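Dear colleague,

Please find below the structure that I promised to hand over.

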Amino acid sequence: MEFLENYIDGTYQAPSSGLYLDNVNPSTGQVYAKIPLSGEQDLAQAVDAAERALPLWSNMSANERSAVLLRLAAGIEARMGEFVQAESRDNGKPEKLAAHVDIPRAVSNFHFFATAIEHFASESHYMEKVGINFTTRRPIGIVGCISPWNLPLYLFSWKIAPALAAGNCVIAKPSEITPYTASLLGKIANEAGVPPGVLNILHGTGPEIGNAIVAHPKIKAISFTGGTATGQHIARVAAPMFKKLSLELGGKNPTVIFPDVDIEATVKEVFRSSFSNQGQICLCGSRIFIHDNIYEAFRNAFVEWVDSAKVSFPSDPKAQIGAVVSQGHMEKILNYIELAKEEGGVILTGGKRLKLDPPHHEGYYISPTVIEGLPNECRTNQEEIFGPVVTLMPFKDEAEVLNLANGTKYGLAASVWTQDLNRAHRMADRLEMGIVWVNSWLVRDLRTPFGGMKDSGVGREGGWEALRFFTEPKNIFIKYE
Ligand code: NDP
């Protein structure tokens with residue numbers, strides 16, 4: 001049995017409590033490693049190390065920091081196979097997905113921010129005959145990064161990379177459910193020449209070590225991705241301390257299909273937007289609105305396509321859908337499917353746990369599920385399920401579907417499918433979402449602002465937004481004689 005350790009001050013260390021949590025492989029349901037149950041003492045060591053490292057790292061030139069982060073990106077890339085297998089074993093996702101999306105994207109995150117920092121400029125504002133303002137942007141200091149389990153290294157690096165590039169020292173906590181690739185990152189950081197104490201990775205539970213990070217007075221900013229309820233808690237702890245906060249939270253995203261689409265092509269894309277990563281991507285569309293004129297044709301083609309999807313263990317090269325992340329999460333999803341039935345929903349396909357052959361017979365597999373017959377207001381259509389479950393709803397016109405699409409507390413992402421350019425513009429403008437894709441889904445450009453409106457979060461990540469978040473602006477005015 002492997003025992004993971006915290007990465008503090010450039011070295012791997014056992015938790016001061018001596019206690020560990022189980023790390024389960026969701027594709028088999030078996031414990032395969034142990035995770036440190038860290039607490040305040042581990043955090044104190046990490047904060048001390050970060051404080052010692054800060055003068056060196058924050059005063060390095062952007063160019064020098066960039067070189068270190070480029071080596072970090074190259075280090076992950078050189079061990080792609082190891083990272084892919086580790087991510088897939090920890091999370092249950094098909095290896096194919098980890099190889100095409102998760103790990104290459106983690107490499108891109110470090111590469112992108114390593115190069116972005118070299119182009120990051122601050123503003124100046126000239127006042128005719130009066131003087132000039134110029135704004136400096138210095139690192140904040142020690143910052144906390146807390147990430148979820150769905151895209152483990154991808155989202156962990158999406159925070160750490162800009163924080164480090166901007167010159168901060170980082171205390172980071174991956175999800176206790178998927179800690180493995182984050183624990184590998186320490187080795188790569190050492191090989192890349194990240195100075196000791198600049199990056200510290202602590203494992204353990206949200207309520208213990210996560211909360212301690214948020215509450216620590218020397219940690220000046222928190223970048224968090226996770227559920228809306230956790231985000232609310234973090235805001236309550238951090239706000240009275242006037243910490244800078246970036247909160248990327250949940251969603252209940254609409255997929256809107258107009259009657260002028262190519263049904264066959266759109267079915268395949270909507271399958272991807274519904275069930276990628278077992279539906280466990282905050283951007284997945286879970287409420288599918290289909291225009292009355294094509295409702296039946298689209299529904300039948302979609303259900304047929306979903307029916308033919310292969311649910312299998314992660315190393316099966318034919319797997320389109322793997323295991324969901326944990327037993328607890330599987331039970332939550334199955335409970336939502338029961339709720340949907342109680343609310344009057346009709347299961348068109350899926351709706352149950354699947355038993356694969358040994359050694360995967362105790363893994364957490366759910367067949368992709370399509371439900372119809374539910375109103376937008378019911379709990380199934382209002383609460384985030386975060387699994388391979390979608391509902392289908394018909395609509396008559398643009399005004400109606402806008403109301404329905406905007407009719408939840410969330411506002412993260414939407415996709416709109418139509419050949420009518422004017423309609424696409426109108427819809428994109430009126431959807432209350434941080435991100436709208438037209439005739440596409442999850443096309444990502446790392447320069448664009450990423451995040452949600454309403455209860456889907458506060459602030460944006462990506463591009464300059466992230467570098468602005470991780471720096472403290474200071475305006476300096478100089479008077480002309
Ligand atoms: P959680 O909110 O449960 O956990 C996210 C992270 O926060 C984990 O590392 C968790 O630790 C930690 N945490 C939990 N409680 C606390 C606390 N009191 N103080 C500090 N940290 C805490 O989310 P999930 O991991 O279940 O992730 C799924 C959610 O993430 C979904 O709602 C999804 O929509 C959202 N998400 C949003 C994205 C976006 O960009 N908007 C992207 C991806 C996911 P631990 O694991 O130990 O509990």
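A residue is called buried when its relative accessible area is under 20%, exposed when that area is over 50%, and partly exposed in between, using a 1.4 Å probe and the protein chains only. Helices (H or I, at least four residues) and strands (E, at least two) are DSSP runs, numbered from the N terminus. The model is predicted, so that local features need pLDDT of at least 70 and side-chain atom pairs count only at pLDDT 80 or more, while totals for chains, interfaces and linings use all residues. Residues are numbered from 1 along each chain as its sequence is written, and side-chain values use heavy atoms, with hydrogens and water left out.

I begin with helix H6, residues 180–192, where ten of the 13 residues are buried, so the helix is largely enclosed by the rest of the structure. Among these buried residues are Tyr 180, Leu 184, Leu 185, Ile 188 and Ala 192. Just after H6, Gly 193 takes a positive phi of about 90 degrees.

Helix H8, residues 228–238, has Thr 228, Gly 231, Ile 234 and Ala 238 buried. Seen down the axis of H8, these buried residues fall within an arc of 115 degrees (taken from the directions from the helix axis to the C-beta atoms), so they line one face of the helix. On the other side of H8, Ala 229 and Arg 236 are exposed. The cover over the buried residues of H8, counted by contact (heavy atoms within 4.5 Å), includes helix H7 (206–215) and strand S11 (219–225), as well as strands S12 (244–248) and S20 (410–411).

As for polar contacts (pairs of N or O atoms within 3.5 Å), a polar backbone atom of Ser 147 is 2.7 Å from an oxygen atom of the ligand.

Finally, Tyr 364 sits in the loop between strand S16 (353–354) and strand S17 (365–366), and is buried, with a relative accessible area of 6%. Its C-alpha atom is separated by 6.2 Å from that of Gln 327, although the two residues are 37 residues apart along the chain.

With best wishes

Note on methods: A polar contact is a pair of N or O atoms within 3.5 Å; within protein, one must be able to donate a hydrogen and the other to accept it, and residues adjacent in sequence count only if both atoms are side-chain atoms.
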